[in-house]
Amino acid sequence: MTSTIPKSAVKIRDALRATFRSGLTRPIPWRQHQLYQLARMAQNERELICDALQKDLGKPRTEVLTSEVGSIIERSVKSAEQLPEWAKTEHPDVGDWQKSWNPAIYKAPRGTVLIISPWNYPMILSFQPLIGAIAAGCTAVLKPSELVPTFSQLLEEIVPKYLDPNAYRVVNGAVSETSELLELQWDHIFYTGNGRVARIVASAAAKHLTPLALELGGKSPVIIDSAYDIDLAAKRILWGKCNNAGQICVAPDYILVQRDKQDELVKAFQKHYNAFFPKGALDSPSFGSIVSDSHYKRLTSLLSRTKGEVVLQGRTDAAKRKLEPTIVKDVAEGDSLLEEELFGPILPIVPVDSLKQAIDFVNARSHPLVLYAFSDNESMKQQLVSETQSGGIVFNDTFQQLAVSQLPFAGVGESGYGYQFMKYTYDTFTQLRSSIDMPKEAEARLAMRYPPHSEDAVKALTAAVYRSIPSSRL
């Protein structure tokens, strides 16, 4: 994979900015065509995409088609279909005396934007933001991850065949090249990745007062109600953890379960692991590999230092960067497995003695991207909603919330900010441009605003100061 930045970054950005200012991206039919072209690209080039992600990540073909290719086709087409409604100028409901002013909210594209995507789900996390940028009428640079070189190089080759290269460019490179891109002024930056790099991106954006969205991660906990079906909870948690070998920002990171239910949960995990992978996950075509040697070493190092008891011992293959799902029970505060987001197929179980202890454990840490909870108790669900903070909260399943395109996806605090999915992504790349159009006929009513002010004018202008306030008490 070759670098395309040092000599041409400014040239590329300026060319895209010129395209934006030309008005090319403004017409709705033009945007719809680009979205349909993106869907065609995903559909037509799916075999090349599957092959690239198999080579880079060992990703199972079915997983790529379901979670990456299919999602992009579906959301591109639906965004194109719904775009005319999204882009309509809004006219807010105002008082009768202001209606003649024609108050309006125009949906304006932010301009020329930079999208920096990660390696773990490189297709969906590259093109999902781009769908919103295209729909909004922006031009964009897409910077895919250097950790998936085959896929990133493929994007550089196929994107110009489908999308207008005057408006959308793929730029490859590594850390130094990304840093050069960040030195430039953009109208919006959309970054998906980890908190350490996010701070670098945010600092670079701040120099130009550039707005940005940060889609990060964190340690997403699972709380299990002791009254819930433990066997079903284990099945659904394990499935969510096995997607992309646990290398996804919404993967269950650790489990909080009543102490006397821990062993029952472990047995259920063992049962469902054997059902999912009868011959083990190491050579299963349904289980991926770890992205790089450094990530593999990080995971095995965390495992080597845990004080918990390994109760489902995953086999390893360093040469293939393979690490089978590994369950560790009796993990306590301060354990290596609680130091950082695991981002791999390791699942620690933290026993607790009460729901309050579980909630306190979660609240003592940075706000996660998602909080999972397994319970049929509506009171417990509402308690978790009101007493915890997280980007999302999901009851009685894991991972599947990503299939609901109508829900906003975002973090809070350390897990990021800025919304995406369908219209929410469109909104991220759209400026709400407020407007009024004052008619000449309004002059008679406006006369009171001009000095000198008569007593009646002062009374009318200050009426809000003396309005009645409803009585209230706690």
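Colleague: Which strands does helix α9 lie across, and at about what angle does it run to β8?

Modeller: Keep in mind that this is a predicted model. Helix α9, residues 230–242, lies across β7, β8, β13 and β14, and its direction is at about 165° to β8. Helix α10 (262–276) lies across β7, β8, β9, β12 and β13, at about 160° to β13.

Colleague: What makes β9 and β15 edge strands?

Modeller: Start with the order: the open sheet has 7 strands, β9-β12-β13-β8-β7-β14-β15, with mixed pairing. β9 and β15 each have a single partner strand, so one side of each has no neighbour in the sheet. On average, neighbouring strands there are turned by 25° against each other, ignoring direction.

Colleague: How do you know that β7 and β8 are paired?

Modeller: Two strands pair if there are at least two bridges between them. β7 and β8 are joined by 5 bridges, so they count as paired, and they run parallel. Ser220 is the residue opposite Pro252 of β8.

Colleague: Why is Thr398 called buried?

Modeller: The cut-off for buried is under 20% relative accessible area. Thr398 has 0%, so it counts as buried. Thr398 belongs to the loop between β15 and β16. Beyond its sequence neighbours within four places, Thr398 is in contact with Arg236, Ile237, Trp239, Gly240, Pro252, Tyr372 and Phe374.

Colleague: What makes the pair Thr398 and Arg236 a polar contact?

Modeller: The distance limit is 3.5 Å. A polar atom in the Thr398 side chain lies 2.8 Å from the backbone oxygen of Arg236, so the pair is within that limit.

Colleague: And why is Gln357 called partly exposed?

Modeller: Gln357 has 32% relative accessibility, so that is where it falls. Gln357 is in helix α12, and a polar atom of its side chain lies 2.8 Å from the backbone nitrogen of Asp353. Leaving out neighbours within four places in sequence, Gln357 is in contact with Pro351 and Val352.

Colleague: How do you know that the buried residues of α13 line one face?

Modeller: The buried residues in α13 (378–387) are Met380, Lys381 and Leu384. Looking down the helix axis, the buried residues fall within an arc of 105°, so they line one face. On the other side, Ser379, Gln382 and Ser386 are exposed. The cover over the buried residues includes β7, α12, β14 and β15.

Colleague: What makes Asn377 a cap for α13?

Modeller: One of its side-chain oxygens lies 2.9 Å from the backbone nitrogen of Ser379, at the N-terminal end of α13.

Colleague: Which residues touch the most other members of the largest nonpolar core?

Modeller: That core has 117 residues, and Phe127, Ile224, Val250, Ile255 and Phe269 touch the most other members. Helix α5, residues 124–136, gives the most to this core, with 9 residues. Apart from it there is another core of 20 residues, including Leu181, Leu184, Tyr191 and Ala198.

Colleague: What is Ile255 in contact with, leaving aside its neighbours within four places in sequence?

Modeller: Ile255 is in contact with Val222, Ile224, Ile237, Leu265, Phe269, Leu347, Pro348, Ile349 and Val350. As a general point, nonpolar side chains in soluble globular proteins tend to be buried together.

Definitions and conventions. Residues are numbered from 1 along each chain as its sequence is written. This is a predicted model: local features need pLDDT of at least 70, side-chain atom pairs count only at pLDDT 80 or more; totals for chains, interfaces and linings use all residues. Side-chain values use heavy atoms; hydrogens and water are left out. A nonpolar core is a set of buried Ala, Val, Leu, Ile, Met, Phe, Trp, Tyr and Cys residues joined through side-chain atoms within 4.5 Å. Buried means under 20% relative accessible area, exposed over 50%, partly exposed in between (1.4 Å probe, protein chains only). Helices (H or I, at least four residues) and strands (E, at least two) are DSSP runs, numbered from the N terminus. Contact means heavy atoms within 4.5 Å. The arc is that of the directions from the helix axis to the C-beta atoms. A polar contact is a pair of N or O atoms within 3.5 Å; within protein, one must be able to donate a hydrogen and the other to accept it, and residues adjacent in sequence count only if both atoms are side-chain atoms. Axes are lines fitted to C-alpha atoms, for helices over the stretch in contact, and angles run from 0 to 180 degrees between N-to-C directions.
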